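User: Could you take me through this model in a careful way, one question at a time?

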Amino acid sequence: MMGEKSVRRLAAAGAVLGLLLMLAGALLIKLSSLSALPDHALLRGVLAGRKVILILGAALTGASVYAGNIAVQGRRRLSGFFPYLLILPAMIFLVLFVLYPILNVIYMSFFKGSVLNPTKSFVGLKNYMALANKSAFIISVRNTFFYAVFFVSLVVLFALLMAVWLFDDRKLNKFAQTAIFTPHLIATVSCAFIWRWIMDFNDYGLLNTVLGIFGVAPVPWLESSKTAMWAIIIMNVWKNIGYYALILIAAMKSIPAEIYEAAILDNASRTKRFFRITLPMISPQLFVTLILLTIGSFNVFDSVNAMTQGGPGSSTEVIARFIYLFAFGNANSLGQGCAAAVFLMSIQLVLTAAYFRLLARRVHYQ
Amino acid sequence: MAGIEFRNICKAFGLVKVIENLNLTIEDGKFTVLVGPSGCGKTTLLRIIAGIGPATSGECLMDGKDITDLEPARRGIAMVFQNYALYPTMNVRENIVFGLKNIGMPREKRDALVREYSGIVDLLDQLHKSPSQLSGGQRQRVALARAMVKTPKVFLMDEPLSNLDAKLRVQMRGELIELQKRLGATFVYVTHDQVEAMSMADTIVLMNKGRIQQKGSPEEIYDDPNNVFTAQFIGTPPMNLLEMENGCRLGYRPEAIALMRVSPGAGYCPAGEIVTREMLGAETHYKVRMAQGDVMVKSLDKGFAAGERVHVCVPLERMFFFDAQGDRLRPGQREYDACRRLMGGA
Amino acid sequence: MNAHTRRRIRRTIRRLPGDALKLAVVLCFVFPFYWMICTAFKPYSEAISVPVTFWPRTFSLEGIASILSARSVDVMQYLMNSVVITFGTIALQMVIMIPAAYAFARFEFFGKNICFALVLLALMIPGQITYITVYLTMADRNLLDTLWPQILPFGANAFGIFLLRQGFKQIPEEIIESAQLDSASQVQIVMQIMVPMCRSVLLTIMLFSFVSSWNNYFWPLVMTNSEKVRPLTMMLVRVLDSELGTRWNEIMAANLLIVLPVLGVYVFTSGRIIKAFTYNGIK
């Protein structure tokens, strides 16, 4: 009949279309439960058929998957539809707890609502515009960017340094590797409290006492708006260096020793060997590390909540805290909280795309 | 062009002594092959010359100068690794030029050298490619070009042909020999393959368990082995070895045997029965079972069949005698005469 | 060898400044923990005394006793919650993860790549965004008073599926084929052959899962309204709030309770992981 490839393409198109229809149907079902709806003839018609659209979409998706699967399996129809059964639980959980929540948050960001009534009234883009004018939000965005830039650069820099420094197979290095990895195992809140105690501005604060031994004046750390964010950055950098250093060391261990030997014979200095061999050859892992660190840094919450609660003033308010305070805060601000969440997601998406655009060329896959 | 000398070299990995008190001179301008079974220390020795695996004690001299503590890059050597060790993130041209850049060679000189040597190995049109896009043979030639472009005094090669398919290996063997003649440099070549050693070397250094078993030209090694190990390592099938009385051991090569259906009466011609016959085309290998033991025969006569009774005849001048420790007994030595007499009326 | 030992001595001396610096850096990393333990065993008066003491002048179990006495915080309740949540999550993840990884590793089916992409996407989506909807869903079903909101959402362990799929992929085809020839059912193949062969990967995944679950703070914070379903990480904040003036020695004692189990599990499993590694290597 048709070639396998064309059946697959058709099935893929059908599945996408079916999923879109299902999405549309689901959206319409949600809309139909809203109290205030504009009275439009076309809208009423579409809404009436919402369940039909949903079922149609599901059927289309089902049929496409069925046809597509038969095409993919070809003559060896050993497994049939068994694999779908295997991934079903995982897919259900992922859709339920990841995909649906994201779509739902985007949906709710266009409404004004609260916990009891998330979609009280439709406000379109008003939430987003309100955010743009809200100083609390703008400050949190600025602080988060500040944190992200320094957190990521410091972790990458020190993790690389540590990886190179602790690379050789010596007992001292193995011990050091374990030592710097340990903070990763400890809950961020625990670390936060420990450092809060260490950075205490009273005379019994350890950090200032130690600095005093070196003749440095006591630093206000968490008490001053100028230094509070730096305190949080320091704590998080300390917590994360070990983990990423170990990842980089593992990457470096996969480089054959012969290549370094050839480079030594080629008169390459240690710095030359690092920049022209080590770095390019671990660039895939470095790239992934960079992305994970960046995305993670924008989610910073635990340390802020435990160490400063956003203070002093609002010098350490971050986006995640804004969402936390506004989503289930008192005054009907769920919509704004959701809008802030969508904004957070978009930043992470844009940055990831930017990384791919700018750096993918310099990553050497082997 | 430089000669290499090892004085009392010892190498230990942790508590394991791999080489003990080794002395060796490698002649300048010659193709020297270090050959032996795995673990015999040949690669270790090569790396001592290179400086990337320094000896535990002892001296290494090049051209009379002590290079034992000299940095690898300043020794005037180049090395071709078994797996080529090409820089995966650089293209062919960058691979070749890397060493030249590091010593600050001006651009025109670099480009001229790259052109010249990539021409010699026929890589001129591959310069922009990355190593992952090349075949095994091409990668090997990049490694060669990278070595040659440094115009070193000594070329070190660590089993460079072992990862190539058989046909390519034979072709590259010839090319490497030609290359050495053309460049006139000292080649130190490590292999476990005795055929490579025999075909390529000016001088063979046969090693086993960290000791030198024999050093000499291929003819010397083949026709005049110093011990049982050398006699049996070189040559396929290996030399036949039979135990006699008094701890003497008699050896003769498979091609030295003439198979006869009827004993000629005089000379060494013990009887036996053909157990297996392998007809290989130009020659036929027979395994003959005699009272004294089994021997392999390499014959141009394919007329014998398995199960036939034959006589294994070997002329005296093609016999080798070894003592109980495995050392060779030569004419003039007392033990030689003692063993020779055991041959009876031969 | 005299020259040999001479060279070794020279090498050790050359390395001395670098090694000393290394130890200093290690000290900086580890010292906060030491300080935590040190403070936990000091009496409150000494903890806030000046000058600072680097070793408890009076060794005291005051902090620990105060925590355990359930004056203002019911430690056992928090501990139980942490344990149930963590082990429940790991169990659920195993049930979901193993079949999924098996499917992605050894089957071909329509839409496989899309579904796997969804798994990878889940890896990158943070709880700070998804919690809003999940909270509303849980609230609708009256589950907020239970431990379910802290277990269910983590059922699909994307990181685990990814790693386990890799582990399954590395099993040679022949082993599975010979099992099929021996009329083994799918379940038997997975549970009795593939899973045991991936012991070290599974242990690694469980370790990360344990750490992630035990140390979770944000999620319990937003998902729970009552103290009786909150885990240990939330206890810290309560200790802080409960007294007049911050009793740091009690806080550090509470920290001990949170930190030590994780360190214990880590020490326990990393040894096993290495053993499992070597076991696989021999075959």
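User: How many residues of strand β3 (residues 31-35) of chain B are buried?

Analyst: This is a predicted model, in which local features need pLDDT of at least 70, side-chain atom pairs count only at pLDDT 80 or more, and totals for chains, interfaces and linings use all residues. Residues are numbered from 1 along each chain as its sequence is written, and chains are lettered from A and ligands numbered from 1 in the order in which they are written. Strands (E, at least two residues) and helices (H or I, at least four) are DSSP runs numbered from the N terminus, and a residue is buried if 20 or more other C-beta atoms, placed from the backbone, lie within 10 Å of its own, exposed if 12 or fewer, and partly exposed in between. By that count β3(B) is mostly covered, the number of buried residues being five of its five.

User: Which residues of β3(B) point the other way from F31(B), V33(B) and V35(B)?

Analyst: In a regular strand the side chains alternate between the two faces of the sheet. In β3(B), F31(B), V33(B) and V35(B) point one way, and all the residues on both sides are buried; those pointing the other way are T32(B) and L34(B).

User: In β9(B), which residue is the bridge partner of T32(B)?

Analyst: Two strands pair if DSSP finds at least two bridges between them. With strand β8 (residues 186-191) of chain B, β3(B) pairs in the parallel sense over five bridges, and there V35(B) stands opposite T191(B). With β9(B), β3(B) pairs in the parallel sense over four bridges, and the partner of T32(B) is T203(B).

User: Where does K209(B), a residue other than glycine with a positive phi, lie?

Analyst: Phi of K209(B) is near 50°, and with 14 other C-beta atoms within 10 Å the residue is partly exposed. Its place is the loop between β9 (203-208) and β10 (211-216) of chain B.

User: In which strand is N21(B), and is N21(B) buried or partly exposed?

Analyst: N21(B) is not a glycine, yet has a positive phi of about 50°. Its strand is β2 (residues 16-26) of chain B. Because N21(B) has 13 C-beta neighbours inside 10 Å, it counts as partly exposed.

User: What is omega for the peptide bond from T236(B) to P237(B)?

Analyst: P237(B) lies in the loop between α8 (228-233) and β11 (240-243) of chain B. The bond from T236(B) to P237(B) is cis, with omega near -10°.

User: Which helix supplies the largest share of the side of chain A that touches chain C?

Analyst: Residues are in contact if their C-beta atoms, placed from the backbone, lie within 7 Å, and this contact takes 58 residues from chain A and 57 residues from chain C. By class, the side of chain A has 46 nonpolar, ten polar and two charged residues, where Ala, Val, Leu, Ile, Met, Phe, Trp, Tyr, Cys and Pro count as nonpolar, Asp, Glu, Lys and Arg as charged, and the others, Gly among them, as polar. The largest share, 16 residues, comes from α4(A).

User: At what angle do α13 (residues 283-298) of chain A and α16(A) pack?

Analyst: Axes are lines fitted to C-alpha atoms, for helices over the stretch in contact, and angles run from 0 to 180 degrees between N-to-C directions. The axes of α13(A) and α16(A) are 10 Å apart, and the angle is about 160°.

Note on methods. Two residues are in contact if their C-beta atoms, placed from the backbone, lie within 7 Å.
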